[in-house]
Amino acid sequence: RYYNNLGEIYRRKKKFKKAEIYFKKALSLYPQYALAHYNLGVLFDQALDKPELAVYHYKKYLELCPSASDKEKVRKWIEEAERRF
């Protein structure tokens, strides 16, 4: 959780490369950490303009949390990102 939280702090400060490093570090330690996949998807989608990577992490998030309360919103994001690549 520590690395994911650091990633979120850096994302909010618009230090996107550092945010990416910390989200990836969180996933290197715990690949099934759904929130880190979600946050990395948002980062790739909204800040780094890497829709193909965003889709991967959004789908991983939904795979890990199939009953997530925001699953319809994330599915919409996937559709929008897929149109961009």
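I call a residue buried when its relative accessible area is under 20%, exposed when over 50%, and partly exposed in between (1.4 Å probe, protein chains only).

**Entry 1: ground rules.** I am working with a predicted model, where local features need pLDDT of at least 70, side-chain atom pairs count only at pLDDT 80 or more, and totals for chains, interfaces and linings use all residues. Residues are numbered from 1 along each chain as its sequence is written, and side-chain values use heavy atoms, with hydrogens and water left out.

**Entry 2: salt bridges.** Side chains of opposite charge can pair when their charged atoms come close. I count a salt bridge when a side-chain nitrogen of Lys or Arg lies within 4 Å of a carboxyl oxygen of Asp or Glu. I searched the whole structure and found 9 salt bridges.

**Entry 3: Arg84 and Asp45.** I looked up this pair next. Arg84 makes a salt bridge with Asp45, with 2.9 Å between the closest N and O atoms. The two belong to distant parts of the chain, 39 residues apart: Asp45 is in helix H3 (residues 34-47), and Arg84 is in the segment after helix H5 (71-83). Helices here are DSSP runs (H or I, at least four residues), numbered from the N terminus. Is Asp45 buried or exposed? Asp45 is buried, at 13% relative accessible area. Arg84 is partly exposed, at 41%.

**Entry 4: pairs within a helix.** I checked helix H5. Arg75 and Glu72 form a salt bridge there, 2.6 Å from N to O. They sit 3 residues apart in H5, about one turn of the helix. Arg75 is partly exposed, with a relative accessible area of 38%. Then I turned to helix H2 (residues 16-29), where Lys17 and Glu20 are also 3 residues apart. Their side chains meet in a salt bridge of 3.7 Å, N to O. Glu20 counts as buried, because its relative accessibility is 9%.

**Entry 5: a network.** I also noted that salt bridges link Glu8, Arg11 and Arg12 in a network.

Entry 6: Which residues of H2 are buried? They are Ala19, Glu20, Phe23, Ala26 and Leu27. These cover an arc of only 125 degrees around the axis, so they lie on the same side of H2. I took the arc from the directions between the helix axis and the C-beta atoms. The face turned away from that buried side carries the exposed residues Lys17, Ile21, Ser28 and Leu29. What covers the buried residues? The cover includes helix H1 (2-12), H3 and helix H4 (51-64), with contact meaning heavy atoms within 4.5 Å.
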